[in-house]
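Visitor: I have a structure to look through and have not seen it before. Can you walk me through some of it?

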Amino acid sequence: MDKEANEVFYEGNDTTVAGGSVAILPEAEYHQLTDIQLNDFFDFYEQNEDILVTKEQNAFTEWFRACWETAGGEALHLPSYFVFHDEYKSFDLKRNQWIDDAEKWS
């Protein structure tokens, strides 16, 4: 994201740049689903969305924070946040807690 909160993507051909990459996690398994399997998945997801979204967000937040710490993020002397697209809250990586987005800009 840039300073105006616009998404920035790398669209070049340099394979050393992660932007646009589809193989970010080598330990993750990828499977193609048939249309019927995909419909069944979305039906299940919609019926259990409240539980699944919370679990997904917790898993991604824990993973991102661990990567941030491994990369030396604590050494940065800048505010650092993790946020899900279109969410109203951000995870403050320095304080290890969720905050309202308004706090981030004040």
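Visitor: How many residues sit between β1 and β2 in their hairpin?
Guide: There are 6 residues between β1 and β2, and D86 in that turn has a positive phi of about 65°. This is a predicted model, where local features need pLDDT of at least 70, side-chain atom pairs count only at pLDDT 80 or more, and totals for chains, interfaces and linings use all residues. Residues are numbered from 1 along each chain as its sequence is written, and side-chain values use heavy atoms, with hydrogens and water left out.

Visitor: In which sense do β1 and β2 pair?
Guide: Antiparallel: β1 (residues 81-82) and β2 (residues 89-92) are joined over 2 bridges. Strands here are DSSP runs of E, at least two residues, numbered from the N terminus, and two strands pair if DSSP finds at least two bridges between them. F82 faces F91 of β2 across this pairing.

Visitor: What about β2 and β3, how many bridges there?
Guide: 4 bridges join β2 to β3 (residues 97-100), and the two run antiparallel. D92 stands opposite Q97 in β3.

Visitor: Back to F91. Is F91 buried or exposed?
Guide: F91 has a relative accessible area of 7%, so F91 is buried. Buried means under 20% relative accessible area, exposed over 50%, and partly exposed in between (1.4 Å probe, protein chains only). F82 is also buried, at 12%, while W98 is partly exposed at 31%.

Visitor: How many aromatic pairs does a search of the whole structure find?
Guide: The search finds 6. In the pair of F91 and W98, the ring centres are 5.2 Å apart and the planes stand at 70°, so the pair counts as edge-to-face. The rings of Phe, Tyr and Trp (its six-membered ring) pair if their centres lie within 6.5 Å; planes under 30 degrees apart count as stacked, over 60 as edge-to-face and the rest as tilted.

Visitor: Which residues do the ring pairs link into a cluster?
Guide: F64, F82, F84, F91 and W98.

Visitor: New topic. Which residue lies over the face of W98?
Guide: K89 does, 5.0 Å from the ring centre. A charge sits over a ring if NZ of Lys or CZ of Arg is within 6 Å of the ring centre and within 35 degrees of the ring normal. K104 lies over the face of Y81 at 5.4 Å.
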